[in-house]
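Work through the exercises below with the sequence and the model at hand. Each task is followed by its solution.

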Amino acid sequence: MSANSPGPLVGIVMGSRSDWDTMQPAAERLAALGVPHEVRVVSAHRTPDAMFDYAEQAQARGLRAIIAGAGGAAHLPGMLAAKTAVPVLGVPVQSKALNGLDSLLSIVQMPAGVPVATFAIGRAGAANAALFAAAMLGDQPHIARALADFRARQTEEVARNDDPRID
Ligand code: RP5
């Protein structure tokens, strides 16, 4: 990041480097929409102190949303949400043992009082979390415009290729 570039508005965090393949679409989508963001590995059980620091500093650092991906006993999004008022968007990573159903249930079943917005298992969830974060930043005209353009292009693409027999 250069001295003049704005600080990140969205933090993308994940429990392990092995989650990157799943979370990459979130970073790509935010970049395409011009949303300043950062990417970090922060583990709830392997680096709990770093996770607490990240959550506790998030608001003061200007983050408006945290996209958190985790797999298995996926407590990272819930633990972050417990330690920050910044909205947490949880992405269940597709685990090997249970195909991500464990991750989904771990993230979505928060007891009342500490919400985590939960997205689909895997790369689609990561992409949608980024689109959702961009929508949350709709007060920034360039982001709102980029999101509207993306949606319009997506719609045009379907209309242009509406005969499934033709490649
Ligand atoms: C979780 O455990 C991570 O989010 C990851 O999805 C899962 C497995 O991690 P590794 O053993 O691949 O590092 O903490």
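**Exercise 1: The annotated site**

The UniProt annotation "binding site", from an unreviewed entry, covers Ser16, Asp19 and Arg46. UniProt positions are given in the numbering used here, feature names are shortened, and annotations may be inferred rather than shown by experiment. Residues are numbered from 1 along each chain as its sequence is written. The model is predicted: local features need pLDDT of at least 70, side-chain atom pairs count only at pLDDT 80 or more, and totals for chains, interfaces and linings use all residues.

Solution. Asp19 sits in the loop between β1 (10-14) and α1. Helices (H or I, at least four residues) and strands (E, at least two) are DSSP runs, numbered from the N terminus.

**Exercise 2: The ligand shell**

Task: list the residues that surround the ligand and sort them by class.

Solution. Step one: the ligand is surrounded by Met14, Gly15, Ser16, Ser18, Asp19, Ser43, Ala70, Gly71, Gly72 and Val93. A residue counts as near if its C-beta atom, placed from the backbone, lies within 6 Å. Step two: the shell has three nonpolar, six polar and one charged residues. Ala, Val, Leu, Ile, Met, Phe, Trp, Tyr, Cys and Pro count as nonpolar, Asp, Glu, Lys and Arg as charged, and the others, Gly among them, as polar.

**Exercise 3: A helix pair**

Task: describe how helix α1 (residues 20-32) packs against helix α5 (residues 123-136).

Solution. Step one: the axes lie 7 Å apart, at an angle of about 30 degrees. Axes are lines fitted to C-alpha atoms, for helices over the stretch in contact, and angles run from 0 to 180 degrees between N-to-C directions. Step two: α1 is therefore roughly parallel to α5, as angles under 35 degrees count as roughly parallel, over 145 as roughly antiparallel, 65 to 115 as roughly perpendicular and the rest as oblique. Step three: α1 contributes Thr22, Met23, Pro25, Ala26, Arg29 and Leu30 to the contact, and α5 contributes Arg123, Ala126, Ala127, Ala129, Ala130, Leu131, Ala133 and Ala134. Contact requires C-beta atoms, placed from the backbone, within 7 Å. Step four: eleven of these residues are nonpolar, one is polar and two are charged.

Methods. Two residues are in contact if their C-beta atoms, placed from the backbone, lie within 7 Å.
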